[in-house]
Amino acid sequence: MRTVDIARRTAAGAVAVALGTTAGAAAPDRPAHAGGIAPVRVEEASDSDGSVTKVVTATCPGVRSVFAAGARIVNGNGGVVLTAMEPDAELTSVTVTATARTGHASAWSVVAYATCDSSTSPPVRATATVGSASTAEVSCPGSTRLVGTGFRLEGSVNQTYVDEVAFGPGLRTVRVHAGGTAEPASLTAVGVCKEPTQPTGPPGVRVEATSGHDGTWPKTIVTADSGPNAHVYGVGARVTGAGHFFLSALLPSATLRQAGAEAVRASQLPGAAAARDDAEGDGEGSLTVSALESAVFH
């Protein structure tokens with residue numbers, strides 16, 4: 001795996017600097033679970049060039065399984081859309097796909113993140129796909145609870161993009177929303193689920209942070225440090241506002257103690273009328289990132 005250049009002063013770079021992006025498996029700076037091993041974050045980056053579509057996969061080492069996923073576009077500048085952040089069916093890897101919108105000619109790259117762990121109660125993957133609809137939601141099966149999220153979007157990135165990946169009530173569901181000028185051909189919500197580690201209650205808690213609501217784009221936001229006794233697993237985010245905005249990054253830190261997200265304003269397509277911000281509130285929005293934190297999984 002190669003090291004990602006995070007020195008560029010883009011908003012994605014700001015998220016990267018805040019969270020850390022050393023390539024490969026990064027062990028958190030805390031003890032392992034009682035009787036187990038500490039979770040690790042694995043990342044894999046694509047080449048940086050002007051290709052239209054890029055696919056990259058991060059694979060968990062050894063006997064560890066995927067517990068959560070993350071993704072980040074570098075130097076997309078509103079002209080590149082995340083179309084998949086998807087753990088595989090066997091929960092051994094996370095594949096991230098991104099596609100450039102018409103008119104985006106500069107070099108860009110995409111990064112896939114897998115949060116890998118081991119448990120006496122292995123995780124399972126749940127998916128739900130809808131066609132020609134803007135919202136997909138999946139529920140964890142049986143008594144399992146949510147630990148990680150994912151999605152897949154099929155359709156023209158000139159017209160549609162993901163603006164929300166959210167944990168549902170009780171940490172039992174994942175909701176994915178696609179914004180834009182048209183509904184996607186299909187939209188898939190992915191949940192990584194596992195049995196609770198305690199007889200009662202979910203295996204984690206939701207922690208959120210929200211940016212200011214204004215017309216400054218891109219936006220980045222990072223949760224507070226969880227401290228030495230908890231790990232960040234699943235990451236969600238949502239962008240709201242009057243305009244065409246979408247998620248371009250949602251990822252855990254290398255130490256698995258924070259979660260971060262980035263949202264961008266969609267680039268102007270060739271020949272399209274320029275976006276107008278003269279009406280009150282137009283072009284303004286905010287970004288919320290959600291972290292699913294847990295102390296013990298074993």
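Predicted model: local features only at pLDDT ≥ 70, side-chain atom pairs only at ≥ 80, totals over all residues.
Two strands count as paired when DSSP finds at least two bridges between them. β14 and β17 are joined by four bridges, and the two strands run antiparallel. You can find β17 at residues 259-265. For a landmark within this pair, look for Lys219, which stands opposite Ala263 in β17.

Now let us step back to the sheet around them. β14 and β17 belong to an open sheet of six strands, with antiparallel pairing. Reading across the sheet, the order is β1, β6, β3, β16, β17 and β14. Which strands stand at the edges? They are β1, at residues 40-45, and β14, at residues 219-222. Each of these has a single partner strand, so one of its sides is left without a neighbour in the sheet. The strands are also turned against each other: between neighbours in this sheet the angle is 25° on average, direction ignored.

Next, let us turn to the disulfides. How many are there, if sulfur atoms within 2.5 Å make a disulfide? By this rule there are two disulfides.

One of them links Cys60 and Cys116, with 2.1 Å between the sulfur atoms. The link of Cys60 and Cys116 is left-handed, with -85° about the S-S bond. Cys60 sits in the loop between β2 (53-59) and β3 (65-74), while Cys116 belongs to strand β6 (residues 109-117), so the bond ties together parts that lie 56 residues apart in sequence. Are these two cysteines buried or exposed? Buried means a relative accessible area under 20%. Cys60 has 8% relative accessibility and so counts as buried. Cys116 is buried as well, with a relative accessible area of 0%.

The other disulfide joins Cys140 and Cys193, whose sulfur atoms are 2.1 Å apart. The link of Cys140 and Cys193 is left-handed too, this time with -75° about the S-S bond. Here Cys140 lies in the loop between β8 (135-139) and β9 (145-154), and Cys193 lies in strand β12 (residues 186-194), so this pair ties together parts 53 residues apart in sequence. Both Cys140 and Cys193 are buried.

Finally, how do the bonded cysteines pair up along the chain? Counted in that direction, they follow the pattern 1-2, 3-4.

Key. Residues numbered from 1 in each chain as written. Heavy atoms only, no water. Axes fitted to C-alpha atoms, helices over the stretch in contact; angles between N-to-C directions. Disulfide = S-S within 2.5 Å. Buried < 20%, exposed > 50% of the residue type's maximum accessible area, 1.4 Å probe, protein only.
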